[in-house]
Amino acid sequence: VQLQASGGGLVQAGDSLRLSCAASGRTFGRYVMAWFRQAPGKEREFVARISASGLTTRYAESVKGRFTISRDNAKNTVNLQMNNLKPEDTAVYYCAADRSMNEDAARYDYWGQGTLVTVSS
């Protein structure tokens with residue numbers, strides 16, 4: 001699975017952004033998809049994940065209620081709708097794919113290249 005993330009940019013606090021991740025390959029619908037982020041000087045952290053079917057999602061506490069992950073298996077895409085953005089959301093955001101439901105970045109087999117989100121105060 002090859003992943004290509006897009007949609008990042010510079011926004012102000014309170015604004016919204018929608019990140020997208022396009023996947024290649026015919027097995028996209030078998031993978032759990034997740035978003036992680038990495039801020040400067042910090043470790044990569046889990047943001048959200050969605051099951052292969054799209055029926056189950058999970059979020060980091062820091063984004064719960066503001067971010068929504070979704071997927072379209074017919075189009076091989078996974079999205080992250082980010083509302084009410086805060087300066088602490090500033091990071092490079094990565095989409096990732098794995099066979100199992102988990103929040104451990106070390107266990108994800110496939111990664112996109114990352115897209116930068118910058119939130120100004």
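Is Glu61 buried or exposed? In this predicted model, Glu61 is exposed, its relative accessible area being 64%, where buried denotes under 20% relative accessible area, exposed over 50%, and partly exposed the range in between (1.4 Å probe, protein chains only). Residues are numbered from 1 along each chain as its sequence is written, and side-chain values use heavy atoms, with hydrogens and water left out. Because the model is predicted, local features need pLDDT of at least 70 and side-chain atom pairs count only at pLDDT 80 or more, whereas totals for chains, interfaces and linings use all residues.

Side chains of opposite charge can pair when their charged atoms come close. A salt bridge is assigned where a side-chain nitrogen of Lys or Arg lies within 4 Å of a carboxyl oxygen of Asp or Glu, and the structure contains six salt bridges. One of them joins Glu61 to Lys64, with an N to O distance of 2.6 Å. Lys64 is partly exposed, at 45% relative accessibility.

A salt bridge also connects Arg37 and Glu45, whose closest N and O atoms are 2.6 Å apart. Arg37 is buried, with a relative accessibility of 5%, while Glu45 is partly exposed at 34%.

Arg49 and Glu103 form a salt bridge through their side chains, at 2.3 Å from N to O. This pair links distant parts of the chain, its members being 54 residues apart: Arg49 is located in strand β5 (residues 45–50), and Glu103 in the loop between β9 (91–98) and β10 (110–111). Strands (E, at least two residues) and helices (H or I, at least four) are DSSP runs numbered from the N terminus. Arg49 is buried, at 7% relative accessibility, whereas Glu103 is partly exposed, at 29% relative accessible area.

With regard to the strands, an open sheet is formed by four of them, in the order β1-β3-β8-β7 and with antiparallel pairing; two strands are taken to pair if DSSP finds at least two bridges between them. The edge positions are held by β1 (3–6) and β7 (67–72), each of which pairs on one side only. From one strand to the next, the twist averages 15 degrees, given axes that are lines fitted to C-alpha atoms (for helices, over the stretch in contact) and angles that run from 0 to 180 degrees between N-to-C directions. Strand β3 (residues 17–23) pairs with β1 in the antiparallel sense over four bridges. Ser20 in β3 is the bridge partner of Ser6.
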